[in-house]
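Subject: Structure handover and what was found in it

Dear colleague,

I am passing on the structure below, and I would be glad if you kept it open while you read my notes.

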Amino acid sequence: MKICVSAMSGSMEAKVSERFGRAPYFVIVESDDMSFIPVLNAAVNAQGGAGPEAVRQAADNGAKVVLTGELGGNAKTAIEAAGIKGVTGVSGEKTVRQAVEEYLKK
């Protein structure tokens with residue numbers, strides 16, 4: 001299963017970005033083997049619509065789950081429409097690796 005984590009940079013050791021739509025990167029992690037692909041967020045500096053564009057990028061990369069600090073209203077609507085599970089409340093003190101490992105233990 002692919003898990004999209006909003007991140008400050010493009011690695012497993014990057015800190016989680018607490019703002020999904022404005023995250024600098026998304027790290028798409030394959031939960032089977034913890035391989036990952038860094039994705040530069042094309043919407044990070046968008047005037048508007050960053051949340052739905054971020055969801056589109058996650059969906060285009062096959063994500064079934066998004067881990068982040070918070071989702072804005074438009075992102076929540078888009079994530080539900082895309083059939084992706086949104087998990088909020090992930091602390092920016094955690095690394096991408098820690099966030100994924102904690103999610104998989106649940």
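Leaving aside its neighbours within four places in sequence, Ser6 is in contact with several residues, including Lys15, Phe20, Tyr25, Phe26 and Thr68, where contact means heavy atoms within 4.5 Å. Please bear in mind that this is a predicted model, in which local features need pLDDT of at least 70 and side-chain atom pairs count only at pLDDT 80 or more, while totals for chains, interfaces and linings use all residues. Residues are numbered from 1 along each chain as its sequence is written, and side-chain values use heavy atoms, with hydrogens and water left out.

Ser6 belongs to strand β1 (residues 2-7); helices (H or I, at least four residues) and strands (E, at least two) are DSSP runs, numbered from the N terminus. Ser6 counts as buried because its relative accessibility is 0%, and the term buried stands for under 20% relative accessible area, exposed for over 50%, and partly exposed for what lies in between (1.4 Å probe, protein chains only). The side chains of Ser6 and Thr68 are joined by a polar contact of 2.7 Å, that is, a pair of N or O atoms within 3.5 Å, of which, within protein, one must be able to donate a hydrogen and the other to accept it, and residues adjacent in sequence count only if both atoms are side-chain atoms.

Strand β1 pairs with β2 in the antiparallel sense over six bridges, and two strands are said to pair if DSSP finds at least two bridges between them. Within this pairing, Lys2 has Glu30 in β2 as its bridge partner. Strand β2 (residues 25-30) is largely enclosed by the rest of the structure, because five of its six residues are buried. β2 also pairs with strand β3 (residues 35-40), again in the antiparallel sense and over six bridges, with Val27 opposite Pro38 in β3. The hairpin of β2 and β3 has four residues between the strands, and Met34 takes a positive phi near 65° there.

In helix α2 (residues 73-82), Ala75, Ala78 and Ile79 are buried. Seen down the axis of α2, the buried residues fall within an arc of 100°, so they line one face of the helix; the arc is that of the directions from the helix axis to the C-beta atoms. Thr77, Glu80 and Ala81, on the other side of α2, are exposed, whereas the buried residues pack against α1 (50-60), β4 (63-67) and β5 (85-87). After α2 comes Gly83, with a positive phi near 75°.

With best wishes
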